[in-house]
Amino acid sequence: MSVSWTPRWMPPGGAPFVLRSGEHEWRGARPTDWAALGEGLRAARERLRALPVRRIVEAIDTAAERWAKRDLAERRAAVRDAALVTGMSEETIDRALDAELGNLRAESLLAALERELGDPEVLDGFRGGTTAIGPRTVLAVFSGNVPGLPARSLVRALLVKASVIAKVPAKEPHFTAAFLRTLHDVEPVLADAVVATYWDRDDHASLDAALGQADAVIAYGGDEACAAIRARVLPHQVYEEHGHKLSFGVVGDAYVELHGPAEVARRIAADCSDFDQHACLSPQVYLVQAGHARAVARHLADAMRRAAADSPPGAIDVHDAAALQRRRLVAEWRAATTDDSEVWSPDGLEWTVVLDDVLLPLSGSGNRVARIVSVPDLDAAVEHMRPYAEHLQNCGLGAVGEEALRVAGELARLGVSRVCAPGTMTRAGFTWRHDGLPRIAGLVRWCDVELHPELEPATS
């Protein structure tokens, strides 16, 4: 399967590239004539502008509906290839795709447009004296190994009628091109507005050439990778960044008493098992009020075992395996030297549960390590996370009544951009303002009609 996507208007050719994982390889082509590509994308964007926004929503919804069927041949091929590259099990990848594709249905897309723009049809022309204009071309540099991750930013760009240069992630390159092929079957104008390709991280010439064709840039990756892109962005270009993030959970005594420690443990296990805990939305620690921390941790060992049986963990490479074993050794040393620590794990590396009363440095490395840290109260939990405020993203909040609202407010002021219930941390909706900013409205500029008697009736 090719990991690149070439629109109908692009001539054949380009610089070939190969992505490898073990004995497997996938081929594609990288553009060489970037000026011609830019002109082609701008022409494709004009055709895209002629589509009503509700037709764009309908086309994306139809493609997502097709991909929602697990037996779709294109999906099965993409899942198999993604499993080879990421090491995740096919079941884990299927669940990730189920979650992401659910966000691409018409109801979710329209809700996001209405939340950020008010009236979606301002993208089609003047409505109530105002209209919203998207960029001509968006450069989206994707990173990470979470299947389906590029869909959100790709769809947002298409919703505002922008053409897209999509650099697929080396660790999960298959979904974007495969989904675009389906989108082409549904509505060719949409797919023809996207070029999906790949270049190496140190290929600055290709990055600069792509930047030269864009007036908006979306960057995913670690802090260093995002900084390298940010340094090349020009003043006139809209810039959106999704850098290194950390997520966590907070659970109070009242929440455990309401739901029971076994059910709370099941929800935490779901959060720590989805995506093999590699997503930014996945919790790296759960801070649990001391009254029930040990009970939750004990039930969590059984819950993680069941989650592993239900959705098998993927293969762990040598580097990650060594890091995980070091984490276990540190936890086991703590357990041997203090009465407040304990470790549960199988003989293999499928999952790990750690109970402690000290928040050790958060690595963000994942691989189904459920860390429970005992805290005296929820205010202490918030304070424990203050040193990480710059990178915080998502919190699974287990609290009830007025305390839930109060702590949610504290989390928002701390820097968290999403608060949800335990067990739902990896299922962010399309209406979420990703990393705390409006990601649809952030791409558009507005034009308002004022003090013009001849135009005002036509735009009302």
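Which residues is His 278 in contact with, leaving aside its neighbours within four places in sequence? I will answer that in a minute, after some background.

This is a predicted model, in which local features need pLDDT of at least 70 and side-chain atom pairs count only at pLDDT 80 or more, while totals for chains, interfaces and linings use all residues. Residues are numbered from 1 along each chain as its sequence is written, and side-chain values use heavy atoms, with hydrogens and water left out.

Now the protein as a whole. It has 17 helices and 16 strands; these are DSSP runs numbered from the N terminus, with helices being H or I of at least four residues and strands E of at least two. The radius of gyration is 23 Å, close to the 23 Å that the globule rule gives for 460 residues, so the protein is as compact as a globular protein of that length. That radius is taken over C-alpha atoms, and the rule is 2.2 Å times the number of residues to the power 0.38. Along the principal axes, the C-alpha atoms fill a box of roughly 75 × 60 × 40 Å.

Of the 460 residues, 56% count as buried. Buried means under 20% relative accessible area, exposed means over 50%, and partly exposed is in between, with a 1.4 Å probe and protein chains only. As for contacts, meaning heavy atoms within 4.5 Å, take those with a separation of 6 or more: residues 24 or more positions apart account for 74% of them.

Back to His 278. Its contacts, neighbours within four places aside, are Met 88, Asn 145, Val 146, Asp 320, Ser 365 and Asn 367. His 278 sits in the loop between helix H12 (261–273) and strand S10 (283–289), and at 26% relative accessibility it is partly exposed. From His 278 to Arg 368 is 90 residues in sequence, but 8.6 Å in space, C-alpha to C-alpha.

Asn 367 is in the loop between strand S12 (352–356) and strand S13 (369–375), and it is buried at 8% relative accessible area. Phe 275 is another non-glycine residue with a positive phi, about 55°. It lies in the loop between H12 and S10 and is buried, at 6% relative accessibility.

Ser 273 belongs to helix H12 and is buried, with a relative accessible area of 6%. Not counting residues up to four places away, Ser 273 touches Met 304, Ala 307 and Arg 368.

Next, a helix pair. Helix H2 (residues 53–67) and helix H5 (residues 106–117) pack at an angle of about 145°, with their axes 9 Å apart. Axes here are lines fitted to C-alpha atoms over the stretch in contact, and angles run from 0 to 180 degrees between N-to-C directions. H2 contributes Val 53, Arg 54, Val 57, Ile 60 and Asp 61 to the contact, and H5 contributes Ala 106, Leu 109, Leu 110 and Leu 113.

Last, Arg 75. Is it buried or exposed? Arg 75, in helix H3 (residues 73–86), is buried, with a relative accessible area of 0%. Residues up to four places away aside, Arg 75 touches Trp 67, Ala 68, Lys 69, Arg 70, Asp 94, Leu 97, Asp 98 and Leu 101.
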